[in-house]
Amino acid sequence: MQPASIQYAVDFILELDRLKGVTRKSKPVGLDRYENSAEHSWQIALFAGAMAEFADPGVDVHRVMQMLLVHDIGEIDTGDTIVYDDTGLAERKAAERVAVERIFGMLPNAHGARFLGLWEEFETAETPEARFAHAADRAMPVLLNLANGGGSWVENGIAYERVIGKVGPPIAAGCPALWEWLAPQLEDARARGFFGA
């Protein structure tokens, strides 16, 4: 590797450091602060790895983990929006696309194209790997909210039906066993008052 190539990699990784400054709506378990998008990406990548035995046969879980590590990179430029907010979704996705092209374009080699390909695969959710990645991505904030007594659902007035409608289909499609486990947890949480009005 040439020293100039190393500088490209260093510039890229320092740009990615900005993802640590993107605040999300969920709090880490037991902490009185909101998580950031870098923490989220790291956690769901490991969650997918830990759930590998529940993936459909043939799913490349290492590819899933790579997808999850890059799926929110565009938030460096666009910020994060709670998953239950569908207003301006098309515009936000277009802005995120511009952002990832800029950021992955910092690598003038095949690595940038590979990262962009992983991001695109996640966005289209057409492969078994992308569907499994989506299941992990949708489940993690749910798990945090369950562990935090409702967390962002209570803070943002998110009703049980809205949660089920938004996270149920992608989790069930990508990891049926996870949804089979999670659905009764959500029903129990509803009885315990973990949701907004």
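## Basis of the model

This is a predicted model, in which local features need pLDDT of at least 70 and side-chain atom pairs count only at pLDDT 80 or more, while totals for chains, interfaces and linings use all residues. Residues are numbered from 1 along each chain as its sequence is written, and side-chain values use heavy atoms, with hydrogens and water left out.

## Helix α3 and its partners

Helices here are DSSP runs (H or I, at least four residues), numbered from the N terminus. Helix α2 (residues 37-50) packs on helix α3 (residues 61-70) at an angle of about 165°, their axes lying 8 Å apart, where axes are lines fitted to C-alpha atoms over the stretch in contact and angles run from 0 to 180 degrees between N-to-C directions. The pair is therefore roughly antiparallel, a term applied to angles over 145 degrees. In contact (heavy atoms within 4.5 Å), α2 contributes residues including Trp42, Ile44 and Leu46, which meet a set in α3 that includes Val64, Met65 and Leu69.

Helix α3 also meets helix α6 (residues 110-124), the axes coming within 9 Å and crossing at roughly 95°, so that the two are roughly perpendicular (65 to 115 degrees). Among the residues that meet are Gln66, Met67 and Val70 in α3 and Phe115, Leu118 and Trp119 in α6.

With helix α7 (residues 128-147), the axis of α3 comes within 9 Å and crosses at roughly 55°. This contact is made by Arg63, Val64, Met67 and Leu68 of α3 with Glu129, Ala130, Phe132, Ala133, Ala136 and Asp137 of α7.

The structure holds 20 salt bridges, each defined as a side-chain nitrogen of Lys or Arg within 4 Å of a carboxyl oxygen of Asp or Glu. One of them joins Arg102 to Glu15, with the closest N and O atoms 2.7 Å apart; this pair links helix α5 (residues 89-104) to helix α1 across 87 residues of the chain.

Notes: Parallel < 35°, antiparallel > 145°, perpendicular 65-115°, else oblique.
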